[in-house]
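User: I have a chain to go through before our meeting. Could you help me read its structure?

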Amino acid sequence: MKRVHSRAGKVGLPPGSLVQVSGDDAERGTLRAFVYDADSYTETMAPDLMALQLPPPPGMVCWVDVDSLHDGQMVNAVGERFGLHPLLLEDVLNTDQRPKLEEYQDDLFVVVKMLAMDEDTGSIDVEQVSLVLGRGHVISFQERPGDVLDPIRERIRHKLGRVRKSGADYLLYALLDVIVDNYFLVVEELGRRIERLERKVTVRPGNEDLLSLQELRGLLITVNRYVTPTRELAGRLNTLQSPLIDKNTRRYINDLQDHTVYIAETIATFRDMLASLEATYHAGVNLRMGQVIKLLTIISTIFIPLTFIVGIYGMNFDHMPELRWRYGYFGVMGVMAVIALLMLAWFRRKRWL
């Protein structure tokens, strides 16, 4: 995942110019529309916007679901059909936007990030979702096909939950809620990795653990980069005085804000845990190094008197009476062994071994 996308193609262009800024080549996607109320529901897949019957009948809610930014003309056509501001469309195509909430004359514009763990690489997959709330409709733009919004689609299709009984503002809340719920999955997985690493570092730290620490710290920074502004977004949405948001929906938005606060606090706790774990890692490495140095020092100390004895009998004097003894060699070796054993016993008594 690129942390900064190139904006070279936008330099010098006037505000509102529709130039896609994305780290990946967007895949060709689909355009579909859900039009529903409590009693009826239609789902239309369309190759282009003109195939859809818009606007929906009065009293019904319409969700225009664009699941790829591959076709910039399609995005522009949706914008013209719903009268979206050019700056709003420009932000839709700039997929390195910070999560935010903006008010336009007739619309609320929300940018959030979908997060998911990549099981193959262990990294975090990030995708921008732009949501537009208008009177009786919600428009969602995704970077590429595949998302976490299927539970909402299934609720609409099978009349589950409150979404079919509520207005477009509740649909906006439901989409944000399912995106934030997936933040929990990402944070829980990071928590499991930290616990596994903590057990390993506490028992026997290895060189590879420091790399794992740095990787986990980088993943937490990535998640926090998007969760913190999402928390601010939810707080602002909760207090926003807009005719597009019903007071009954504010209770759910307040719950959404609580979730984002909890996730942000959990990430802060994990970062503290990693800092403590890194200190434990360095303490463990220093302890092991100290034990090795102590062992080598004890071995060297034992050999000091033995080397002294060997030095004495290595001198080339003609008159050394022990050299003519029949059992002199075995006697000296025995004395050296006794000295070594006595020193080992003394070290153990001092608890140095």
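User: How do H6 and H7 run relative to each other, and at roughly what angle do their axes cross?
Analyst: The axes of H6 and helix H7 (residues 328-349) come within 10 Å and cross at roughly 160°. H6 and H7 are therefore roughly antiparallel to each other; angles under 35 degrees count as roughly parallel, over 145 as roughly antiparallel, 65 to 115 as roughly perpendicular and the rest as oblique. Axes here are lines fitted to C-alpha atoms, for helices over the stretch in contact, with angles from 0 to 180 degrees between N-to-C directions.

User: Is that crossing left-handed or right-handed?
Analyst: The crossing of H6 and H7 is right-handed. The term applies if the near helix is turned clockwise from the far one by less than a right angle, and left-handed if anticlockwise.

User: Which residues make the contact?
Analyst: From H6 there are Ile298, Thr301, Ile302, Pro305, Leu306, Ile309, Val310 and Tyr313, and from H7 there are Val332, Val335, Met336, Ile339, Ala340, Met343, Leu344 and Phe347. Contact means heavy atoms within 4.5 Å. By class, this contact has 15 nonpolar, one polar and no charged residues. Ala, Val, Leu, Ile, Met, Phe, Trp, Tyr, Cys and Pro count as nonpolar, Asp, Glu, Lys and Arg as charged, and the others, Gly among them, as polar.

User: What should I know about the model itself before I rely on this?
Analyst: The model is predicted, and local features need pLDDT of at least 70, side-chain atom pairs count only at pLDDT 80 or more, while totals for chains, interfaces and linings use all residues. Residues are numbered from 1 along each chain as its sequence is written, and side-chain values use heavy atoms, with hydrogens and water left out.

User: Back to Ile309. Is it buried or exposed?
Analyst: Ile309, which is placed in helix H6 (residues 247-313), is buried, with a relative accessible area of 13%. Buried means under 20% relative accessible area, exposed over 50%, and partly exposed in between (1.4 Å probe, protein chains only).

User: And what does Ile309 touch beyond its sequence neighbours?
Analyst: Leaving aside neighbours within four places in sequence, Ile309 is in contact with Val332, Val335, Met336 and Ile339. Val332 is 23 residues away in sequence, and the C-alpha to C-alpha distance from Ile309 is 8.2 Å.

User: Now the other helix pair. How do H1 and H2 cross?
Analyst: The axes of helix H1 (residues 72-82) and helix H2 (residues 86-93) come within 10 Å and cross at roughly 150°. That makes H1 roughly antiparallel to H2. H1 passes H2 in a right-handed crossing. Val75, Asn76 and Gly79 of H1 meet Leu89, Val92 and Leu93 of H2, and by class this contact has four nonpolar, two polar and no charged residues.

User: Where does Val78 sit?
Analyst: Val78 lies in helix H1 and is buried, with a relative accessible area of 0%. Its C-alpha atom is 8.9 Å from that of Val64, 14 residues apart along the chain.

Notes
Helix = DSSP H or I, 4+ residues; strand = E, 2+ residues; numbered from the N terminus.
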